Amino acid sequence: MSAKPAICDVIYNGACPVCDAGIEALRSKGEGASYTDIAQMPERLAEHGLTAEDVQYRLHAVTADGRLVRGIDAVAETMLVNPRWAWAGRLAQLPLLRQLGWVAYEIAAFCLFRWNKWKRNF
């Protein structure tokens, strides 16, 4: 785990108000990452072999070395490029906290996905 990751692209669902607000908070002082909102640029999904539902369910990020990370790993990598949130990104990568974070993220992602479907935020 590096302290300063090289993220190329963060892929998120901007149609979700919660996701959009979270990304905006991470993007505000983040460095070295581009952000792809699939609600605005759905054609970019094919570049990474993703479907709209993949990104509506979980955050995804592509590292400079071409790795596609998703869920809590994408959140941690994205936090690391923002000096304000880097400490949380490092914590989220610690073995036990990563596992706990994974469980919490999956529960939250499931609930948020279902809520967005119900609200028709896609």
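How many bridges join β1 to β2, and do these strands run parallel or antiparallel? Four bridges join β1 to β2, and the two strands run parallel. The model is predicted: local features need pLDDT of at least 70, side-chain atom pairs count only at pLDDT 80 or more, and totals for chains, interfaces and linings use all residues. Residues are numbered from 1 along each chain as its sequence is written, and side-chain values use heavy atoms, with hydrogens and water left out.

**Strands**

- Helices (H or I, at least four residues) and strands (E, at least two) are DSSP runs, numbered from the N terminus.
- Two strands pair if DSSP finds at least two bridges between them.
- Strand β1 (residues 7-12) is largely enclosed by the rest of the structure, because five of its six residues are buried; buried means under 20% relative accessible area, exposed over 50%, and partly exposed in between (1.4 Å probe, protein chains only).
- Strand β3 (residues 60-63) is joined to β1 by four bridges and runs antiparallel to it; within β3, valine 62 is the bridge partner of aspartate 9.

**Nonpolar cores**

- A nonpolar core is a set of buried Ala, Val, Leu, Ile, Met, Phe, Trp, Tyr and Cys residues joined through side-chain atoms within 4.5 Å.
- In soluble globular proteins, nonpolar side chains tend to be buried together.
- The largest core holds 19 residues, of which Val10, Ile23, Tyr35, Leu59, Val75 and Tyr105 touch the most other members.
- Two or more residues of this core come from each of β1, α1, α3 and α5 (95-119), and α3 gives the most, with four.
- Another core, of six residues, lies apart from it and includes Ile11, Leu45, Val55 and Val62.
- Helix α3 (residues 72-80) has eight of its nine residues buried, so the helix is largely enclosed by the rest of the structure; among the buried residues are Ile72, Val75 and Leu80.

- Asparagine 82 lies in the loop between α3 and α4 (86-92) and is buried, at 0% relative accessibility.
- A polar atom of the asparagine 82 side chain lies 2.6 Å from the backbone oxygen of leucine 26.
- Lysine 29, in the loop between α1 (17-27) and β2 (34-37), is exposed, with a relative accessible area of 55%.
- Leaving aside neighbours within four places in sequence, lysine 29 is in contact (heavy atoms within 4.5 Å) with Val81, Asn82 and Pro83.

**Salt bridges**

- A salt bridge is a side-chain nitrogen of Lys or Arg within 4 Å of a carboxyl oxygen of Asp or Glu, and by this rule the count comes to six.
- Glutamate 24 and arginine 27 form a salt bridge (3.8 Å, N to O); both lie in helix α1, three residues apart, about one turn of the helix.
- Arginine 58 and glutamate 106 form a salt bridge (2.8 Å, N to O). Arginine 58 is in the loop between α2 (52-57) and β3 and glutamate 106 is in helix α5, so the pair ties together parts that are 48 residues apart in sequence.
- Arginine 98 forms a salt bridge with aspartate 73, with the closest N and O atoms 2.7 Å apart. This pair links distant parts of the chain, arginine 98 in helix α5 and aspartate 73 in helix α3, 25 residues apart.

Conventions: Polar contact = N/O pair within 3.5 Å; in protein donor to acceptor, adjacent residues only side chain to side chain.
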